[in-house]
Amino acid sequence: MKQFKRTVLIGMLAFGLVGCQILGNNQKVEVNPPIEPPDDIGVVETPPQIVKTIDWNSILSPLVNKILQSSTSIEGNKVLLISDIQNRSGDYLATNQIDQMLHRLMNNQNLFAVADRQSIIQAKQALGISVDDRLVSRSKMIGLAKNMNAGYVLFTTLYKSPSENDVADISMELLSTQTGEILQRVTSKDVQPKEATDSDNSQGSDK
């Protein structure tokens, strides 16, 4: 009889434990939804870079005019290659803007026949020269001109970019493809107004 009571008691205890476990599993667990950050969390947009506008027409026109005035006696093969711009200013400049302006100015004159850009690109590819080559030199441009059967090269070097308080420092040279000789050379100082030249000289004498 005692054994029977013990068995019944153990069974009731086991049943009670199972019931508690079932009830525990059936309890609802509250899950907080993830907190989504608001759309405007103060993201600071990078302001657009200020692109400096340079009037290359007014800078280059006097140089081109001076070169043309000094080259009226040019004869023979008058095909002209406008070379890539040699940038020695130490500043980054979009030299393609200078190139475009030079082509525009030279296409408005009647002394030379200017080689078009597409022909220049094809000649560069034939010689293995990168279209955006930065290592510009006279010898490389003369070799390119020979490949294109151009008689002359207009070689431009930028020594100092223009600023608000100072003008650009540029030289422009007319090279003979056949001999490599510099036939004409004009610099920014050669075409500056007399007033600006006198001012530069007076500042130099005060130092």
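Among contacts in the protein (heavy atoms within 4.5 Å) between residues at least 6 apart in sequence, 64% join residues at least 24 apart. The structure is a predicted model, in which local features need pLDDT of at least 70, side-chain atom pairs count only at pLDDT 80 or more, and totals for chains, interfaces and linings use all residues. Residues are numbered from 1 along each chain as its sequence is written, and side-chain values use heavy atoms, with hydrogens and water left out.

The secondary structure comprises seven helices and six strands. Helices (H or I, at least four residues) and strands (E, at least two) are DSSP runs, numbered from the N terminus. From that terminus, the order of elements is α-α-β-β-α-β-α-α-β-β-β-α-α. Of the 207 residues in the protein, 33% are buried, that is, under 20% relative accessible area with a 1.4 Å probe and protein chains only. The protein exposes about 14,800 Å² (Shrake-Rupley method, 1.4 Å probe). Carbon and sulfur atoms supply 53% of this area.

Strand β4 spans residues 152-160. It is mostly covered, with seven of its nine residues buried. Pairing requires at least two DSSP bridges between two strands. Strand β1 (residues 79-82) pairs with β4 in the parallel sense over three bridges. Here I82 stands opposite L154 of β4. Strand β2 (residues 86-87) also pairs with β4 in the parallel sense, over two bridges. The bridge partner of Q86 in β4 is T157. Strand β5 (residues 169-176) runs antiparallel to β4, and eight bridges join the two. Within this pair, F155 has E173 in β5 as its bridge partner.

Two helices were examined as a packed pair. Helix α4 covers residues 117-127 and helix α5 covers residues 138-147. They pack at an angle of about 105°, with their axes 10 Å apart. The angle makes α4 roughly perpendicular to α5, a class that runs from 65 to 115 degrees. Axes are lines fitted to C-alpha atoms, for helices over the stretch in contact, and angles run from 0 to 180 degrees between N-to-C directions. From α4, I120, A123, K124 and L127 meet G143, L144 and N147 of α5. The residues of this contact divide into four nonpolar, two polar and one charged.

Residue T187 lies in strand β6 (residues 182-187). T187 counts as buried because its relative accessibility is 15%. Leaving aside residues up to four places away in sequence, T187 touches L63, I170 and S171.

Methods:
Buried means under 20% relative accessible area, exposed over 50%, partly exposed in between (1.4 Å probe, protein chains only). Angles under 35 degrees count as roughly parallel, over 145 as roughly antiparallel, 65 to 115 as roughly perpendicular and the rest as oblique. Ala, Val, Leu, Ile, Met, Phe, Trp, Tyr, Cys and Pro count as nonpolar, Asp, Glu, Lys and Arg as charged, and the others, Gly among them, as polar.
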